[in-house]
Amino acid sequence: MNTEVADTTNLSEKKDFLVNSSSLKDVRSFSREVFEKFKINEELREELVLAIAEAAQNIVKHAYKDYPDTQDRMAVRISCTDKELEISFFDKGKPVEKSKVKHRAIDDVKPGGLGTFFIQEIMDSIKFKEGDKPWINNLVLTKKL
Amino acid sequence: MIKFKVTESENISTVFLDGEIDMDVADNVREVVFPLIDSGKEVHLNLKGVQYMDSSGISVIVESNQRAKEKNTKVELKEVSQPVEKVLAMARKFL
């Protein structure tokens, strides 16, 4: 884990992971560890871990849909001020088509899109950006504290 | 990682799940649960030992219910842990 800044008002931790479903448990472990360090309350912590895991899962499932055996890595950065939490994801997969990122109609009983719905329920904002090189995609989630 | 224990009574198969259910293990859960549903027995999923579940776990539950309907049987959730109940509550707004 790389601590970028470590004072009491502006904290930031970043770690990279192999883009693979087997990495998702490591993403959760990292997130829990960081939130404990940042003293985020336990109830919110688990919701945030879910949102992060769903976003990481979307990278594996969608950005790397055609490359299940990729050796690429994705990075997760969690930054915290006393007012806001910012969680950034960086990957080199297929560029995100923003218009396609939505949860589906409520009357469709298939579960697909539920992960995106969870992210929207838990977080205050979701922004897709072009990643600075070498990254292609940069997803930024924020939550007011 | 997820562990399974299956117990059988006359008309009910109970699957005790222990661990975290995510995309990485969802297919393992399907491989255990779907054949039990296909056999026509009522299936109980005991979630007492599941401390984390994401949308992949919800997908398995929804698919299990749909499959059970097709086989004229049913799937019930038993002893749902608090973390899983929270995720289910959020999913109910959507499903």
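Residues are numbered from 1 along each chain as its sequence is written, while chains are lettered from A and ligands numbered from 1 in the order in which they are written. In this predicted model, local features need pLDDT of at least 70 and side-chain atom pairs count only at pLDDT 80 or more, whereas totals for chains, interfaces and linings use all residues.

**View 1. Overall composition of chain A.** Chain A holds three helices and six strands, where helices (H or I, at least four residues) and strands (E, at least two) are DSSP runs numbered from the N terminus. Along the sequence, these elements follow the pattern β-β-α-α-β-β-α-β-β. Of the 145 residues in chain A, 36% are buried; a residue is buried if 20 or more other C-beta atoms lie within 10 Å of its own, exposed if 12 or fewer, and partly exposed in between, with C-beta atoms placed from the backbone. Among the contacts in chain A with a separation of 6 or more, 62% come from residues 24 or more positions apart. Two residues are in contact if their C-beta atoms, placed from the backbone, lie within 7 Å.

**View 2. Packing of helices α2 and α3 in chain A.** The axes of α2(A) (residues 42–63) and α3(A) (residues 114–122) come within 9 Å and cross at roughly 140 degrees. Consequently, α2(A) is oblique to α3(A). Axes are lines fitted to C-alpha atoms, for helices over the stretch in contact, and angles run from 0 to 180 degrees between N-to-C directions. Angles under 35 degrees count as roughly parallel, over 145 as roughly antiparallel, 65 to 115 as roughly perpendicular and the rest as oblique. The crossing of α2(A) past α3(A) is left-handed; this term applies if the near helix is turned anticlockwise from the far one by less than a right angle, and right-handed applies if clockwise. Residues of α2(A) in the contact include Leu48(A), Ala51(A) and Ala55(A), and those of α3(A) include Phe118(A) and Ile122(A). By class, the contact comprises seven nonpolar, three polar and two charged residues. Ala, Val, Leu, Ile, Met, Phe, Trp, Tyr, Cys and Pro count as nonpolar, Asp, Glu, Lys and Arg as charged, and the others, Gly among them, as polar.

**View 3. Surroundings of helix α3 in chain A.** Leu114(A), Gly115(A), Thr116(A), Phe117(A), Phe118(A) and Ile119(A) of α3(A) are buried. Within chain A, the buried residues of α3(A) pack against α2, β5 (125–130) and β6 (137–144). Their partners in chain B are α2 and α3.

**View 4. Contact between chains A and B.** Chain B contributes 15 residues to the contact, and chain A contributes 19 residues. On the side of chain B that touches chain A, α1 (23–38), α2 (55–70) and α3 (82–92) of chain B each supply at least two residues. The residues on this side of chain B divide into nine nonpolar, two polar and four charged.

View 5. Four strands of chain B form an open sheet in the order β1-β2-β3-β4, with mixed pairing. The edge strands, each pairing on one side only, are β1 (2–8) and β4 (75–78) of chain B; two strands pair if DSSP finds at least two bridges between them. Neighbouring strands of this sheet are turned by 20 degrees against each other on average, direction ignored. Helix α1(B) packs on the sheet and touches β1, β2 (12–21), β3 and β4 of chain B. The direction of α1(B) makes about 175 degrees with that of β2(B). Strand β3(B) (residues 42–53) and β4(B) run parallel and are joined by four bridges. Val43(B) stands opposite Val75(B) in β4(B).

View 6. α1(B) and α2(B) pack at an angle of about 15 degrees, with their axes 9 Å apart. The two helices, α1(B) and α2(B), are therefore roughly parallel to each other. α1(B) passes α2(B) in a right-handed crossing. Val60(B), in helix α2 of chain B, is buried, with 23 other C-beta atoms within 10 Å. Not counting residues up to four places away in sequence, Val60(B) touches Ala26(B), Val29(B) and Arg30(B).

**View 7. Backbone features in loops.** A cis peptide bond, with omega about 10 degrees, joins Lys133(A) and Pro134(A). Pro134(A) lies in the loop between β5 and β6 of chain A. Lys39(A), in the loop between α1 (24–37) and α2 of chain A, has a positive phi near 60 degrees.
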